[in-house]
Amino acid sequence: MISVIIPTRWIGSFDKLKRLLDSFSTQTLPVQEILIIIDFDTPKKPLQQMLLHEKYSLVTLYCQEWYGVSSARNRWVKKALWDYILLCDDDIVLSDPLTTERLLDEYVDKKWSSLDSVVVYPTILWHDTSRIQTQWFIGYNWLLCWPIPKYAIERKSKLRQWCYQYIMRIFGVKWVTNQIVCTGSICLFTSKKLLLDQPFDKRFTFIYEDIERSYRVWRAWFYLYNPDYITIQHREKPKDILAQSYIDHPDIVYLKSRHRIRFVLMHANRRQKILFYIGGFRASNIRTLLMILLLLFQMTVLPTNFWQQPKTEHNLQAILL
């Protein structure tokens, strides 16, 4: 009934992936198939040995050349055998044994409520805590070039919501929606048919590929649903400020800027494009430059106390060069 698709890469070990696979074995509604997609540039043998040693009978391992995560997801959705797809990253854990059962129940319930197609996104928690990391986004601020988070307790989320509401009041628009319109792809549950009909755009190899696809699906009148009570743990690796903003490497900075512009060209109307080019486009570039200069200054003044990861200095110098 349910196929699971997990793109992964070698990051020194497969411990996080093992935790995810173990969590599937505790579900009250078992999955019938797990497809793990690994890049050709990643050592395959350690993962094969781990799967064999742990006796994961439902797991099938595939290799794919590195054409991007969007290509990997699209290609292997076609190979899935079952009608329902759980698409997820390799650094999550389904800590609640009822997760798959609840995802399916919510999908079926919303689908039969006269909705043609539904995508269910669980609430994401910081790993080993009950703190919410994200409940996804309820709009896109074209002037400031920000997705507007639904979750608004942390300061960053509050600031983005306040800015959006303030700008809407200036233009005389009342903002009352609480429906998510764009999301990440840390974890989602939907039908195989929807993923085939609305695939990821291969031009978005990484960064913004999930925002673009979910926004396109929402504009096509599909329903993106985020139940509060369905949660998963996100075991994200520690990141410095640059990595959190996707500006810790020259290639990442380039992809983020290119895909953000492409997103606007594809989905913004004339007024929104004007707002983006007079506001968000310039502001995001200035913000990136200021963050790099500020962190460079802090790294120079407090090299021991401020930077915990030596590789950060290398990445920062690479950006400046």
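Modeller: Happy to, and let's start with a rule: a charge sits over a ring if NZ of Lys or CZ of Arg is within 6 Å of the ring centre and within 35 degrees of the ring normal. This is a predicted model, where local features need pLDDT of at least 70 and side-chain atom pairs count only at pLDDT 80 or more, while totals for chains, interfaces and linings use all residues. Residues are numbered from 1 along each chain as its sequence is written, and side-chain values use heavy atoms, with hydrogens and water left out.

Now find F200. R73 lies over the face of this ring, 4.9 Å from the ring centre, and R213 lies over the face of F200 too, at 5.1 Å.

Next, rings with rings. A pair of aromatic rings is described by the distance of the centres and the angle of the planes. Rings of Phe, Tyr and Trp (its six-membered ring) pair if their centres lie within 6.5 Å; planes under 30 degrees apart are stacked, over 60 edge-to-face, and the rest tilted. That rule gives 16 aromatic pairs here. One of them is W142 with Y215, an edge-to-face pair with 6.2 Å from centre to centre and 75 degrees between the planes. The two partners are 73 residues apart: W142 is in the loop between β9 (137-141) and β10 (146-149), and Y215 belongs to helix α7 (residues 209-219). Those labels come from DSSP runs, numbered from the N terminus: helices are H or I with at least four residues, strands E with at least two. Both W142 and Y215 are buried, where buried means under 20% relative accessible area, exposed over 50%, and partly exposed in between (1.4 Å probe, protein chains only). They also belong to one aromatic cluster with Y140, Y208, W218 and F263.

Two strands pair if DSSP finds at least two bridges between them; β9 and β10 have 4 bridges and run antiparallel. Within this pairing, G139 stands opposite I148 in β10. The two strands form a hairpin with 4 residues between them, and C145 in the turn has a positive phi of about 65 degrees. β9 is largely enclosed by the rest of the structure, because 5 of its 5 residues are buried.

How exposed is C145 itself, buried or open? C145 counts as buried because its relative accessibility is 1%. C88 is buried as well, at 1% relative accessibility. A disulfide is a pair of cysteine sulfur atoms within 2.5 Å, and the count by this rule is 0. The sulfur of C88 has its closest cysteine sulfur in C187, 5.5 Å away, which is too far for a bond.

Finally, visit strand β4 (residues 84-88), the place of I85. I85 is buried, with 0% relative accessible area. S3 is 82 residues from I85 in sequence, yet their C-alpha atoms are 5.0 Å apart. Contact means heavy atoms within 4.5 Å. Leaving aside neighbours within four places in sequence, the contacts of I85 include S3, I5, A80, L188 and F189.
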